[in-house]
Amino acid sequence: MPQIAESTGPKYLAIAGALAVDIESGRLKVGDRLPPQRQLARELGVDLTTITRAFNEAHRLGLIEASAGRGSFVRGRPTFARGNTPAAPPMIDLSMNMPPQPAGAKLRERIRDGVAEVLSGPHGLMHLNYQESAGARPDRLAASRWLAARLGPVSIDRLVVAGGAQTALHAVVQILVRPGQTLCVPDVTYPGLKAIAEQLHVRLAPVAMDGEGMLADALAVTCERESPRGIYCVPTIHNPTTATMTESRREAIIRVARRHGIAIIEDDAYGALPRHAPAPIAALAPDLTWHIATLSKCATPALRTAFVATPALADALNLAARIRAASLMAPPLMTALATRWIEDGTLDAITAAIREESAARQAIARRILRGMDLQAHPEGHHLWLTLPDRWRQGDLNRQARQSGLALVPSEAFAVGAAPDAIRVSLGAAENRVELERGLGLLAAVLSQGAGTVSSVV
């Protein structure tokens, strides 16, 4: 008889989750026969359809198997592969925050054909040689055209091409903040920035957030107390909370930065995804903003291409020198492909396909996680889920891995105390069916009380 915790989610997922917990705990053993569906429906006080859906979900998750005329049984152990290693089912990845790759984006074909066209052009061999650390002029011109839709006109003298946003962010932090000095950040923030700060011995001062992102009043107080050298933020579809600042919030952040004479690092990784978004901070205050835009989230991380709009020419030269010392240059062949995609409209077509797929996946998440406390942007490819009171994020992460789910707990993002929440990434699942299966399993696990999954004896 399954122990069903009170849950706002679908009852059939709660039943499937109870079954998973009982198998994991040993209460149900391999080969055990389950009660007839009608009996179970009667005992639980639910209709037969709910039990049938629960059994179907459990079957899809590989928990049970049915035998015609005999009933349903706990599934046998996985067969052993060569090397006497158990053939475990693959993990469903809800952790890697990458864009979905729908068939409509045609990424495989476009990368293959695009690289061939770049190399077969009249100057194809140039893309196999060393190039300027700031980026070749044609690539910076393309970057200027692509960024103009969000930033307005940007002189190519202020633009630098980098081998990915992480490379750019590392160099910008190194320019602005010396070891032992402080950078203001949201109190939950991008893990890559945390790694950079640790490596460069930079202190991170957490700033409280609300549903729009970093609070300007809290930032002002932190600046008075900490005397930081800069502010880091993700104003559009914040990673991990998905918060998007209104224009008035952005202007308030700018006022604080001007009052204290400090720079703003604007991580605009997701800025190309929304069809309608407030103007970037760099468009409102170009003289104090280092704007980092990447193709990783609106196309593919394989390109390793990012564009940095710096406050001034001298800043661009300084950034190019840092890139030259660390990685010499952005990958010329991939950068040339990015330039070609910008010029012929392919990048916009890929982004549109990803945006459409992300919206469809967000709709799936809203349906399966209905009633749960989550925050999401309809055109983004992750969401932020606050855990039910009975769960703590460490317990959930352990149980999720045992159930075949890869998640990212909030401690990966926290600067200080970690909230009981998780980031759920919707793009890494190969297709919508796999995503639906993973989210269904997540909902089933969440429907159980944390105490029911403890393996401590």
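How do the residues of the lining of the largest cavity divide into nonpolar, polar and charged? The model is a predicted one, with local features needing pLDDT of at least 70 and side-chain atom pairs counting only at pLDDT 80 or more, while totals for chains, interfaces and linings use all residues. Residues are numbered from 1 along each chain as its sequence is written, and side-chain values use heavy atoms, leaving out hydrogens and water.

A search of the whole structure turns up two cavities of 30 Å³ or more; a cavity here is a set of points on a 1 Å grid over the protein atoms alone where a 1.4 Å probe fits but cannot get out, and lining residues have an atom within 4 Å of a point. The volume is the space filled by probe spheres set on the points.

The largest cavity holds about 60 Å³ of space. Its lining takes in Q131, E132, S133, G135, A136, D139, V161, M329, A330, P332 and T335, and these split into five nonpolar, four polar and two charged. For this sorting, Ala, Val, Leu, Ile, Met, Phe, Trp, Tyr, Cys and Pro are nonpolar, Asp, Glu, Lys and Arg are charged, and the others, Gly among them, are polar.

The second largest cavity comes in at about 40 Å³. Around it sit P186, M209, E212, G213, M214, C233, V234, P235, H238, A243 and M245, a lining of eight nonpolar, two polar and one charged.

Elsewhere, S296 has a relative accessibility of 10% and so counts as buried (under 20% relative accessible area, 1.4 Å probe, protein chains only). Beyond its neighbours within four places in sequence, S296 is in contact (heavy atoms within 4.5 Å) with P99, P301 and R304.

Definitions and conventions
On a 1 Å grid over the protein atoms alone, a cavity is a set of points where a 1.4 Å probe fits but cannot get out, and a pocket is an open set with protein on both sides within 12 Å along at least five of seven lines; lining residues have an atom within 4 Å of a point. Buried means under 20% relative accessible area, exposed over 50%, partly exposed in between (1.4 Å probe, protein chains only).
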